[in-house]
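The following exercises are to be worked with the sequence and the three-dimensional model at hand. Each task is followed by a stepwise solution.

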Amino acid sequence: MRVREATTADFPALAGVQGAVWPEHATTAETLAHEDADLRRHPVGAHLWRIVAEDPAGRVVGSGSLMQWPGMFHPGRYHAEVLVRPENRGRGAGRALAAALEAHLRGRGAREVLATSREDCPEGLGFLTRRGFGEQMRYFASALTLADFGPAGWAGAERLPEGLRLRSLPDLVAEMGEDAAWRAYFAAFAEVRADVPRAGEATPLDYGHFRTRAQDGRFWPHGVLFAVTEKGEVAALTELYADATDPTRLQTGLTGTRREWRRRGVGLALKLAALRLARDRGAASVWTDNASSNAPMLGLNERLGFVRQPAWVEMRRGRVEEESL
């Protein structure tokens with residue numbers, strides 16, 4: 001096996017490896033290129049390094065990456081990933097990729113490394129355990145088949161409490177102007193995001209970088225829905241994004257309610273409005289992700305008919321509070 005640093009020409013091969021390993025979470029070369037460019041231009045200065053493993057014929061059979069997530073940034077914290085095509089496992093590609101990543105981590109003085117596999121992938125979990133990783137937390141992807149969803153069963157629940165209006169992002173832009181609408185979006189997003197469970201402390205958001213999400217090919221402005229007060233404050237939000245590879249599938253972004261408006265049914269009303277919008281668009285399914293500790297949102301999604309998929313298991317080695325790995 002030959003391990004080398006990935007180039008922009010490798011994006012199609014990298015997308016192919018990811019789709020082969022996690023077919024339910026396939027991506028495209030264009031999406032990977034956008035994500036990498038977005039990470040590199042983030043103001044925190046996050047690090048990103050990608051490598052590939054090639055067989056003797058020069059075919060890319062596996063990939064590895066190290067990145068620092070801007071949303072949970074610490075200069076000593078990294079997220080590592082090793083993927084090998086199922087048909088090429090057991091031939092040393094994973095070990096070679098892991099060795100290269102380990103050397104890179106040592107060179108950068110890493111103090112904490114996070115890595116993820118799935119509960120139905122014992123090989124991946126064992127691979128990480130043997131390298132000193134232990135379970136940190138779990139996340140569930142959940143899917144709702146829209147043909148099985150009956151909005152009539154939720155009659156009345158889509159109605160927002162008095163004093164709130166349903167608006168999409170384009171609606172809000174038309175009412176307030178582009179910058180004011182995006183700043184209202186940003187303020188609500190930042191407050192809701194602060195309460196989302198994660199393995200480390202959330203990094204404060206940068207408004208300028210937040211605006212670049214509109215450049216993502218998956219971004220659907222009409223799928224960003226708000227509950228808005230008469231004064232134009234966003235009290236709650238939910239987001240729907242296009243899927244990178246499946247035009248019949250929509251992904252849920254952040255959904256949540258600002259603290260002063262919670263426990264009034266606002267989140268449920270927005271979720272129902274989003275599902276109705278998804279059906280109108282012709283989507284076949286809507287997917288969402290939640291931490292296992294986020295009981296309120298998991299419970300709401302189950303009531304709506306979302307079915308949990310095998311959990312993602314986030315593993316950790318070291319801590320940024322400690323001296324070294």
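On a 1 Å grid over the protein atoms alone, a cavity is a set of points where a 1.4 Å probe fits but cannot get out, and its lining residues have an atom within 4 Å of a point. Grid points are joined across faces, edges and corners, and a volume is the space filled by probe spheres set on the points. The model is predicted: local features need pLDDT of at least 70, side-chain atom pairs count only at pLDDT 80 or more, and totals for chains, interfaces and linings use all residues. Residues are numbered from 1 along each chain as its sequence is written, and side-chain values use heavy atoms, with hydrogens and water left out.

**Exercise 1.** Describe the largest cavity.

*Solution.* Step 1: two cavities of 30 Å³ or more are counted, and the largest has a volume of about 50 Å³. Step 2: Met67, Trp69, Phe73, Arg77 and Leu114 are among the residues that line the largest cavity. Step 3: strand E4 (residues 77–84) gives the most to this lining, with three residues.

**Exercise 2.** Determine how helices H1 and H2 pack.

*Solution.* Step 1: H1 (residues 11–21) and H2 (residues 29–40) meet at an angle of about 105 degrees, their axes 8 Å apart. Step 2: H1 is therefore roughly perpendicular to H2 (65 to 115 degrees). Step 3: the contact (heavy atoms within 4.5 Å) involves Phe11, Pro12, Leu14, Ala15 and Gln18 of H1, and Ala29, Leu32, Ala33 and Asp36 of H2.

**Exercise 3.** Is Gly62 buried or exposed, and which residues does Gly62 touch?

*Solution.* Step 1: Gly62 belongs to strand E3 (residues 60–67). Step 2: because its relative accessibility is 0%, Gly62 counts as buried (under 20% relative accessible area, with exposed over 50%; 1.4 Å probe, protein chains only). Step 3: leaving aside residues up to four places away in sequence, Gly62 touches Val17, Ile51, Val52, Ala53, Leu83, Val84 and Leu97. Step 4: the C-alpha atoms of Gly62 and Val52 are 5.7 Å apart, although 10 residues separate the two along the chain.

Methods. Axes are lines fitted to C-alpha atoms, for helices over the stretch in contact, and angles run from 0 to 180 degrees between N-to-C directions. Helices (H or I, at least four residues) and strands (E, at least two) are DSSP runs, numbered from the N terminus. Angles under 35 degrees count as roughly parallel, over 145 as roughly antiparallel, 65 to 115 as roughly perpendicular and the rest as oblique. On a 1 Å grid over the protein atoms alone, a cavity is a set of points where a 1.4 Å probe fits but cannot get out, and a pocket is an open set with protein on both sides within 12 Å along at least five of seven lines; lining residues have an atom within 4 Å of a point.
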